[in-house]
Amino acid sequence: VCLLKSRLSFRGGLEKYTKKLAESFAERGCQVTILTTDSAENIHSSLFKVVSLGPSSRFSAYHLVRFNHSCQKWLSQYPQ
């Protein structure tokens with residue numbers, strides 16, 4: 001299972017939900033990867049893997065397009 005969350009700090013509601021969803025999949029035996037623009041060094045879990053696709057941008061429309069492109073590229077290189 002691969003989850004996509006552009007900014008992942010686990011402070012906000014959607015971020016916490018993403019973490020809980022990843023943990024639930026992992027507890028059921030799935031290998032879980034979260035793709036994000038945040039630093040993977042700050043996010044630790046033995047249940048799932050976090051992959052940083054590079055720094056986020058301040059301009060949100062550009063950030064979304066860049067994140068989308070980065071996710072597509074990563075998924076083509078590492079099919080789940």
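This is a predicted model: local features need pLDDT of at least 70, side-chain atom pairs count only at pLDDT 80 or more; totals for chains, interfaces and linings use all residues.
Entry 1: I then turned to Trp74, whose relative accessibility is 10%. Trp74 counts as buried because this value falls under the 20% limit.

**Entry 2: aromatic pairing.** How many aromatic pairs does the structure hold? I found 1. The ring centres of Trp74 and Tyr78 lie 5.0 Å apart, and their planes meet at 35 degrees, so I noted the pair as tilted. The reasoning rests on the angle: planes under 30 degrees apart would count as stacked and those over 60 as edge-to-face, so 35 degrees falls in the tilted class.

**Entry 3: the sheet.** I next traced the strand order. The sheet is open and has 3 strands in the order E1-E2-E3, with parallel pairing. Which strands form the edges? They are E1, residues 2-4, and E3, residues 49-52, each of which pairs on one side only. From one strand to the next I recorded an average twist of 25 degrees.

**Entry 4: E2 and E3.** I examined the contact between E2 and E3 at the level of bridges. Strand E2 spans residues 33-36 and runs parallel to E3, to which 4 bridges join it. Within this pairing, I noted that Thr33 stands opposite Lys49 of E3.

**Entry 5: helix over sheet.** Finally, I located helix H2, residues 60-77. Helix H2 lies across E1, E2 and E3. Relative to E2, the helix runs at about 145 degrees.

Notes: Residues are numbered from 1 along each chain as its sequence is written. Side-chain values use heavy atoms; hydrogens and water are left out. Two strands pair if DSSP finds at least two bridges between them. Helices (H or I, at least four residues) and strands (E, at least two) are DSSP runs, numbered from the N terminus. Axes are lines fitted to C-alpha atoms, for helices over the stretch in contact, and angles run from 0 to 180 degrees between N-to-C directions. Contact means heavy atoms within 4.5 Å. Rings of Phe, Tyr and Trp (its six-membered ring) pair if their centres lie within 6.5 Å; planes under 30 degrees apart count as stacked, over 60 as edge-to-face and the rest as tilted. Buried means under 20% relative accessible area, exposed over 50%, partly exposed in between (1.4 Å probe, protein chains only).
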